[in-house]
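Reader: I've got the structure open. Can you walk me through a few spots?

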Number of protein chains: 2
Amino acid sequence: MSEVKDNKNLSRKEVSYNKLKGLGEEIIEDVIKKDIPSLKVPSRGTSNIVYDDAKRYFVLGDRYGKRSLGNVKQIKKIGQMVQVANFCKDLVQREKTATLREMYYVSEGWDIGFDNQQESNIVGEDIEVTLGMSREDLGLMPEEDGASVYGNIILKEGDVEIDALKSGKSGYTISPTIDEVEFLDHDVERVIAVETMGMFHRMVQEEAYKKFNTLIVGLKGQAARATRRFLKRVNEELNLPVYICNDGDPWGFHIAMVIISGSAKLAHVNHDLATPNAKFLGVTASDIVNYELPTDPLKDIDVLRLKELSNDPRYRDPTWQTEIKKMLKIGKKAEQQSFSKYGLEYVVDTYFPEKLELLS
Amino acid sequence: MSEVKDNKNLSRKEVSYNKLKGLGEEIIEDVIKKDIPSLKVPSRGTSNIVYDDAKRYFVLGDRYGKRSLGNVKQIKKIGQMVQVANFCKDLVQREKTATLREMYYVSEGWDIGFDNQQESNIVGEDIEVTLGMSREDLGLMPEEDGASVYGNIILKEGDVEIDALKSGKSGYTISPTIDEVEFLDHDVERVIAVETMGMFHRMVQEEAYKKFNTLIVGLKGQAARATRRFLKRVNEELNLPVYICNDGDPWGFHIAMVIISGSAKLAHVNHDLATPNAKFLGVTASDIVNYELPTDPLKDIDVLRLKELSNDPRYRDPTWQTEIKKMLKIGKKAEQQSFSKYGLEYVVDTYFPEKLELLS
């Protein structure tokens, strides 16, 4: 693919199209040169997933596998890759998208099909890593929508302008095609993402968007890819600091950490998804103690998970290490909503201001 | 509560406030009359849940339990009911809402608290059935948002006007406070609700909203209470026919049926949630055969569930009985997205027009 460059003047769509076309051209060139056509596919095995200290997220290492039409066992796999790449090229060209599920069904009409959807998903990922692009760039969309956004920002999707203060109380929903969205204008100083829609609605109701001049993002649990992309974009393109407030337990910690430092499984696209400058605002073990929050005892599985986190390179930072140790020591966890012990308004009137001051 | 009337000139909020206040006044009256204060709470036991053939949904029967301050075992329960009713009255008065989780945490500051959240949830339900109002009317909101809506309708939330064609590709999100939303204007002839966001995005992309002059509603699986309320309101207030298109399996059938005829568990609020005129558009067992869809074999649990449905009064209709029998006979199920076998556009270009004509 030496002739295909990531030209900065090209749109993401054009780059995708060229890369997909390049994959086929590479095979044709081999045929013309009478070489045996082959493709290099970067390895996604555990041993090739490396934590990059400078980038502060997981990346893929240098190892790759070669798939050659000279190897009988690999012929079907190459055929599948070419079919999927062709399907994606068609999607990009026609400005359409499809879910992985739809692609699997569409493949029923192909000469080389799949035995099950898992197989077609894996070939989709093969194309992602081979081209170094995320599947959204290839027109393959996840089923799920992203987070809800409320606050003073104007976005543009196609020719439609959207005001995230005027999209209803549940806000603007980040769509899977977030990379096609333009940021037209905004008047906020920061972004606060919260784990649950319960807390999102609390913040809208208490007018946290005014009080902290912030966007409010309701993650709905583990952040969807589109949400992570949105947070990265507002952080890097609009220079807005991003704060994450989740439940005070290992699962809440890790929902934040996947936003901050990406996941190992998606090492090949973390450069598009991770927001290493995002900060964890709480709920921390220290908060549980300092605010005397209502708690639940840690379960065995919580303890196990906390111990795993403490050995994870993404949690190397001393603050994380301290907080994990402290939670193990007190043996307790607490939810975001537990601040309601002091009244519904407390979290916005007292907790957020105090924590934001500490972090800024 | 003889003095409190459902006056049509009062807003839902005012009715809620009066009913909540009435609950306390009833107790005070008993005290003044030197009677032993007691409350009548309609029974939610299985034997008091009746399918109403005329209404076409489950309702509560006439049985009720009496809770009296003269019974030592019931004193705590009455105390809890009064506390919760008072908390709700305060919410309604201050135009606030809280989640059940928040209420549980708030209750930590009360003289009469709860041992766990399940206990406080049940008391919340006690108030609902006693007053014959849904908990949203009492300010107690579910955590989850409702469906996504795309199409030509203008809504008003507070002083904000929302155009569901201009809220982004993922549409307008129905918020838990859907009863406060006004329908200002629309230019559609029908509503089509689909089970998955994958299908929702397919319909937006293929411009189904134009082709069928329809609102598109993405249910995201089992419909949230706010979604069911929205569908009922557009059906009854705007006279729009509602069609539901789900996966062709017992779970898809039942997601539709809960929208149409409500659930047994919520018999006390089905009058606000059920849309008996909504129609199931597909995917039916007949569709699986007629369109030669890609299928999966029915699992044991699917067969079991289909047999349960065939004995459920909500499925008495001969069409349902035929379709359930047919699915059991072919032993197969199919997803909405399986129409992609014929290309991404097929479902909008061919399937929907054919089925809509059959049903109208």
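This is a predicted model: local features need pLDDT of at least 70, side-chain atom pairs count only at pLDDT 80 or more; totals for chains, interfaces and linings use all residues.

Reader: What angle do α1 (residues 12-32) and α2 (residues 75-93) of chain B pack at, and how far apart are their axes?

Author: The angle is about 150 degrees, and the axes lie 9 Å apart.

Reader: Which hand is the crossing of α1(B) and α2(B)?

Author: Left-handed.

Reader: And which residues of α1(B) and α2(B) meet?

Author: From α1(B), B:K13, B:S16, B:Y17, B:L20, B:K21, B:L23 and B:I27. They meet B:I78, B:M81, B:V82, B:A85, B:C88, B:K89, B:V92 and B:Q93 of α2(B).

Reader: Why would residues three or four places apart point the same way?

Author: An α-helix has 3.6 residues a turn, so residues with that spacing face the same way.

Reader: Over to chain A. How do α8 (residues 250-261) and α12 (residues 318-330) cross?

Author: At roughly 165 degrees, with the axes of α8(A) and α12(A) coming within 12 Å. That makes α8(A) and α12(A) roughly antiparallel. The crossing is left-handed.

Reader: Staying in chain A, is A:R233 buried or exposed?

Author: Buried, because its relative accessibility is 8% and the cut-off for buried is under 20%. A:R233 belongs to helix α7 (residues 225-237) of chain A.

Reader: What does the side chain of A:R233 reach?

Author: The backbone oxygen of A:V181, at 2.8 Å.

Reader: What else does A:R233 touch, leaving out residues up to four places away in sequence?

Author: Besides A:V181, A:R233 touches A:I178, A:D179, A:F183 and A:L238.

Reader: How many residues of helix α5 (residues 197-205) of chain A are buried?

Author: 8 of its 9. The buried ones are A:M197, A:G198, A:M199, A:F200, A:H201, A:R202, A:M203 and A:V204. Just after α5(A), A:E207 has a positive phi of about 60 degrees.

Reader: Now sheets. What's the strand order in the open sheet of 3 strands in chain B?

Author: β9-β8-β11, with antiparallel pairing. β9 (160-163) and β11 (181-186) of chain B each have a single partner strand, so one side of each has no neighbour in the sheet. The twist averages 25 degrees from one strand to the next.

Reader: How many bridges join β8 (residues 153-157) to β9 in chain B?

Author: 4 bridges. In one of them, B:L155 pairs with B:I162 of β9(B). Helix α7 (residues 225-237) of chain B packs on this sheet and touches β8 and β11 of chain B. The directions of α7(B) and β11(B) make about 50 degrees.

Reader: Last one. Which residues are buried on the two faces of β12(B)?

Author: B:R190, B:I192 and B:V194 on one side, B:V191 and B:A193 on the other.

Reader: Which strands does β12(B) run parallel to?

Author: 5 bridges join β12(B) to β13 (residues 214-218) of chain B, running parallel. B:V194 has B:G218 as its bridge partner there. Another 4 bridges join β12(B) to β14 (residues 242-245) of chain B, also parallel. In β14(B), B:Y243 is the bridge partner of B:I192.

Key:
Residues are numbered from 1 along each chain as its sequence is written. Chains are lettered from A and ligands numbered from 1 in the order in which they are written. Side-chain values use heavy atoms; hydrogens and water are left out. Buried means under 20% relative accessible area, exposed over 50%, partly exposed in between (1.4 Å probe, protein chains only). A polar contact is a pair of N or O atoms within 3.5 Å; within protein, one must be able to donate a hydrogen and the other to accept it, and residues adjacent in sequence count only if both atoms are side-chain atoms. Contact means heavy atoms within 4.5 Å. Two strands pair if DSSP finds at least two bridges between them. Axes are lines fitted to C-alpha atoms, for helices over the stretch in contact, and angles run from 0 to 180 degrees between N-to-C directions. A crossing is left-handed if the near helix is turned anticlockwise from the far one by less than a right angle, and right-handed if clockwise. Angles under 35 degrees count as roughly parallel, over 145 as roughly antiparallel, 65 to 115 as roughly perpendicular and the rest as oblique.
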